[in-house]
Amino acid sequence: MTRLAKKSKESPLMVAGLSSFFVIAGYGIYKFRDRKLSASNYLMQLRVTAQGAVIGCLTLGILKSLYDRYKRSDET
């Protein structure tokens, strides 16, 4: 548990990305019975949605890091 706390302080958006992945995956598993598509199409869309959420969070983290680095270089 201490590794997760340490990692969340270092890069909180990575933890948010992983959390969003697990939330989307859990929701997909819960709604699997009520699907209107074939199983393979449903799982493919679910995978793309979960990966998109993780990529979005990691992209925001990179942009924040670049902004902080740019802001720091302006102050000196």
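From the N terminus on, the elements of the chain run α-α-α. The secondary structure comes to three helices and zero strands. The model is a predicted one.

Start with the overall dimensions. The chain has 76 residues and a radius of gyration of 17 Å. A compact globule of 76 residues would have a value near 11 Å. Along its principal axes, the C-alpha trace spans about 60 × 30 × 15 Å. Burial comes next. Buried residues make up 14% of the 76 residues in the chain.

Now turn to one helix pair. Two packed helices are described by the angle between their axes and the distance between the axes. Helix α2 covers residues 12–30, and helix α3 covers residues 39–75. Their axes come within 8 Å and cross at roughly 165°. Angles over 145 degrees count as roughly antiparallel, so α2 is roughly antiparallel to α3. The crossing of α2 and α3 is right-handed.

Which residues in α2 meet α3? They are Leu13, Met14, Ala16, Gly17, Ser20, Phe21, Ile24 and Gly28. On the α3 side, the partners are Tyr42, Leu46, Thr49, Ala50, Ala53, Val54, Cys57, Leu58, Leu60 and Gly61. How do the residues of this contact divide into nonpolar, polar and charged? In the contact of α2 with α3, 13 are nonpolar, five are polar and none is charged.

Key. Residues numbered from 1 in each chain as written. Predicted model: local features only at pLDDT ≥ 70, side-chain atom pairs only at ≥ 80, totals over all residues. Heavy atoms only, no water. Axes fitted to C-alpha atoms, helices over the stretch in contact; angles between N-to-C directions. Helix = DSSP H or I, 4+ residues; strand = E, 2+ residues; numbered from the N terminus. Parallel < 35°, antiparallel > 145°, perpendicular 65-115°, else oblique. Left-handed = near helix turned anticlockwise from the far one by under 90°. Contact = heavy atoms within 4.5 Å. Nonpolar A, V, L, I, M, F, W, Y, C, P; charged D, E, K, R; others polar. Rg over C-alpha atoms; globule rule 2.2 N^0.38 Å. Buried < 20%, exposed > 50% of the residue type's maximum accessible area, 1.4 Å probe, protein only.
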